[in-house]
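This briefing goes through selected computed features of one structure. The sequence and the coordinates come next.

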Amino acid sequence: MGELAAKKHVQYILSVEKRKDDLVSVVMEHLRMNGAYWGLTTLDLLGKLDNVDVDKVVSWVMECQHESGGFGGNIGHDPHILYTLSAVQILALFDKLNVLDVDKVTNYIAGLQNEDGSFSGDMWGEVDTRFSYISLCCLSILRRLNKINAEKAVNYIVSCKNLDGGFGSTPGGESHAGQIFCCVGALALTGSLHHIDKDLLGWWLCERQVKSGGLNGRPEKLPDVCYSWWVLSSLIMIDRVHWINKEKLVQYILDCQDTENGGISDRPDDAVDVYHTYFGVAGLSLLEYPGLKAIDPAYALPVDVVNRIFFGK
């Protein structure tokens, strides 16, 4: 069994923030808020969040807020529910939720709920179960689930359930591990996991493990480190994580590390990025890898952060 190159990963994440002009940075400019969430949460799981200038990050996050209450992926970019959740999660990491006008943010989110209970991602109206999860997660963190029709939200998610036990992006959509996480997470946050056939869904999810030990997102696809999060967190929430080979999955994630320069890739020997570094480390946290803080499978935040939000601990 290899070892997690924790120090290298910390150095890699901190270096990404400094590279403002390279191609990767330019390509990621529109989703910088998501990138900040992935990188900062990874640092926290590794116990190194104190390497970051809190005031600088919080100031930048707030500059990305739109007058509508939503947040953009970067300063001057249009607001979207995706970036709004990342902004709230970043502020939660630093215990800075008090800088938010909670009513303004939650009114923005509530305004994206449609008549059938689904949620649009922004003013342009795209509907996806990802947005249902994001809205419920955001409102739950801000203690404002009463701002929406939660029953309708749950009913819409249930309408996206398939015969194989999985969930799609909209009713009739193909089951996909990423969408399953969103739907299971949303149902967990609303106390509605009884709508899931846990054995059937557990079987579909554990079938995502391939010979290398890695997990894929759908049948016949290649494994990808990010599914170490999407699949594992779902299995934990439905209490079926013992159905996969944890040791082989740990080894697969470790095999995807760049042990010289830091970072984790989707598959061994591919280029690393912040996205896969976060989901690799988060997956290892779910697998109780030594030296990592525990992460909550529904909120995708360290357990101590979630406890602080809800119990003041």
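The model is predicted: local features need pLDDT of at least 70, side-chain atom pairs count only at pLDDT 80 or more, and totals for chains, interfaces and linings use all residues. Residues are numbered from 1 along each chain as its sequence is written, and side-chain values use heavy atoms, with hydrogens and water left out.

**Second largest pocket**

- A pocket here is an open set of points on a 1 Å grid over the protein atoms alone, where a 1.4 Å probe fits, with protein on both sides within 12 Å along at least five of seven lines; lining residues have an atom within 4 Å of a point.
- The second largest pocket has a volume of about 520 Å³, a volume being the space filled by probe spheres set on the points, with points joined across faces, edges and corners.
- Its lining has 23 residues, and Leu82, Arg130, Ile134, Trp230 and Phe279 lie nearest the centre.
- Two or more lining residues come from each of helix H3 (32–45), helix H5 (81–93), helix H7 (129–141), helix H9 (177–189), helix H11 (227–237) and helix H13 (274–286); helices are DSSP runs (H or I, at least four residues) numbered from the N terminus.
- The lining of the second largest pocket divides into 16 nonpolar, six polar and one charged residue, where Ala, Val, Leu, Ile, Met, Phe, Trp, Tyr, Cys and Pro count as nonpolar, Asp, Glu, Lys and Arg as charged, and the others, Gly among them, as polar.

- Ten of the eleven residues of H11 are buried, so the helix is largely enclosed by the rest of the structure; buried means under 20% relative accessible area (1.4 Å probe, protein chains only).
- The buried residues of H11 include Trp229, Trp230 and Met237, and their cover includes H9, helix H10 (198–206), helix H12 (246–255) and H13.
- Asp239, with a positive phi near 60°, follows H11.
- Phe279 is in helix H13 and is buried at 4% relative accessibility.
- Contact means heavy atoms within 4.5 Å; not counting residues up to four places away in sequence, Phe279 touches Trp38, Val225, Cys226, Ser228, Trp229 and Trp230.
- Phe279 and Trp229 are 50 residues apart along the chain, with their C-alpha atoms separated by 5.7 Å.

- A nonpolar core is a set of buried Ala, Val, Leu, Ile, Met, Phe, Trp, Tyr and Cys residues joined through side-chain atoms within 4.5 Å.
- The largest nonpolar core holds 106 residues, of which Leu40, Tyr133 and Leu301 touch the most other members.
- Leaving aside neighbours within four places in sequence, the contacts of Tyr133 include Leu85, Phe181, Leu189 and Tyr299.
- Thr41 lies in helix H3 and is buried, with a relative accessible area of 0%.

**Cysteines**

- With a disulfide taken as a pair of cysteine sulfur atoms within 2.5 Å, the count comes to zero.
- Cys64 is in no disulfide, the nearest cysteine sulfur being that of Cys138, 14 Å away.
- The sulfur of Cys183 is 5.8 Å from the closest cysteine sulfur, in Cys160, which is too far for a bond.
- Cys64 is buried at 3% relative accessible area, and Cys183 is buried at 0%.

**Loop residue Asn74**

- Asn74 lies in the loop between helix H4 (54–63) and H5, and is buried with a relative accessible area of 10%.
- Leaving aside neighbours within four places in sequence, Asn74 is in contact with Glu29, Arg32, Trp60 and Cys64.

Note on methods:
Buried means under 20% relative accessible area, exposed over 50%, partly exposed in between (1.4 Å probe, protein chains only).
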